[in-house]
Amino acid sequence: MKLFATIQALTLLISTSFAVAQSDPVTTAKRAAQMLDAAATQLSEAQRSSDRVAALTSTVRAYEEGLSALREGLRRVAIRERAIALDFEAKEDRLSRLLGVLQTIGRSPAPLLMMHPSGPIGTARSGMILSDVTPALQQEASQLKTSLEEVSVLRALQESAAAQLVTALDNVQTARATLAQAVADRTDLPAPIVTDPAQMAALIDNADTLQGFADGLTQLTGGPANPADFETAKGKLPLPAAGVILRGFNEPDPQGIKRPGLTMAMPSQTLVTAPWPATVRYAGPLLDYGSVVILEPGKGYLLILAGLGQPLVKEGQIVSGNDAIAMMGGNAPTADAFLMNASKGGGGNRQESLYIELRQGDAPANPADWFVVNRE
């Protein structure tokens, strides 16, 4: 309490005007707010779009990017605010002394401050000392005011973000639900490729590994050859969802288990899209991988996406690049939980794991050779 009383008193004593610089945390948070405003406009326009699925897919992605930027902005704001608070705490005694000096100067007439009991010579010396000390005091007081006003801006941003966040989280859930319904209602898709149900059921029953299931799937009759040459996509494929790479190809997890694919972490209910035109060879639950979607983007290739929550496609369906194919599982965060995770700056916002495996023939290929991958 003593420290904050000191800070408040200093604020009253310092009268120098100050325009807060647009520091990086401030810029990031404001940019995120603009992104969410743009996403809200997209959501309104998507309802009137001739291609609602594409418009809603773009809207959900826009909200996810805006929320991710907001999370990063709030993380930086919290870090900066803590840094300023720690600086104040470290200087508490010094601030108290500075406050005492400023209060004395403020209460005493200038001529009285320059008088000295020893007479004219002492008075002259005291005048020189004050002329030397006063600029330093003014500079330190100005720096304190800068920090105090920055804290004020940071807290105003946090309050504004909290108010905007409630609407944004509601809107993105509306967009996701509307997208799922729009995908289900589509009537403009090519006729699906039909697989023998009995063969598929037997394959599911007999599969004991994801790789074994994929190998068996290649033996079943597939769809038509993809007119787009998948080989040309090598090194250029966008990742199917926005997230962070946790483990690479054959990189062991904490239990020492190696998997021939990428593992990504991301927020719950993140949208997953097809990175390339493909035939859906399988969509549904499989072993302990949650829901799985297996795409055939080209002859002899299978793209496995495991750990999904809600598939939006069906077996045999033909999808285009960037089509919505699934959403991750988990519950959408509340505004309070979102703000708490953002302020802590941890990975609590990334509760879901997506496993990506690309197979060429009977062997896995390193997805990092095909996808544009950036690791944090």
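R75 forms a salt bridge with E72, and their closest N and O atoms are 2.6 Å apart. By salt bridge I mean a side-chain nitrogen of Lys or Arg within 4 Å of a carboxyl oxygen of Asp or Glu. This is a predicted model, where local features need pLDDT of at least 70 and side-chain atom pairs count only at pLDDT 80 or more, while totals for chains, interfaces and linings use all residues. Residues are numbered from 1 along each chain as its sequence is written, and side-chain values use heavy atoms, with hydrogens and water left out.

Back to the pair. R75 and E72 both lie in helix α3, three residues apart, about one turn of the helix. Helices (H or I, at least four residues) and strands (E, at least two) are DSSP runs, numbered from the N terminus. R75 is partly exposed at 26% relative accessible area, and E72 is also partly exposed, at 26%. The cut-offs are these: buried is under 20% relative accessible area, exposed is over 50%, and partly exposed is in between, with a 1.4 Å probe and protein chains only.

Which residue forms a salt bridge with R61? E64 does, with the closest N and O atoms 3.9 Å apart. R61 counts as buried at 18%, and so does E64 at 10%. R61, E64 and R176 are linked in a network of salt bridges. A search of the whole structure finds nine salt bridges.

One more of them is D323 with R186, at 3.9 Å between the closest N and O atoms. D323 lies in the loop between β8 (318-319) and β9, and R186 in the loop between α6 (120-184) and α7 (197-206), so the pair ties together parts that are 137 residues apart in sequence. D323 is buried at 16%, whereas R186 is partly exposed at 24%.

Now the strands. An open sheet of three strands has the order β3-β9-β7, with antiparallel pairing; two strands pair if DSSP finds at least two bridges between them. β3 (271-273) and β7 (310-311) stand at the edges with a single partner strand each, so one side of each has no neighbour in the sheet. Three bridges join β3 to β9 (residues 324-327), and T273 stands opposite A324.

Last, strand β2 (residues 262-266): five of its five residues are buried. L262, M264 and M266 point one way, T263 and A265 the other. β2 pairs antiparallel with β1 (residues 244-247) over three bridges.
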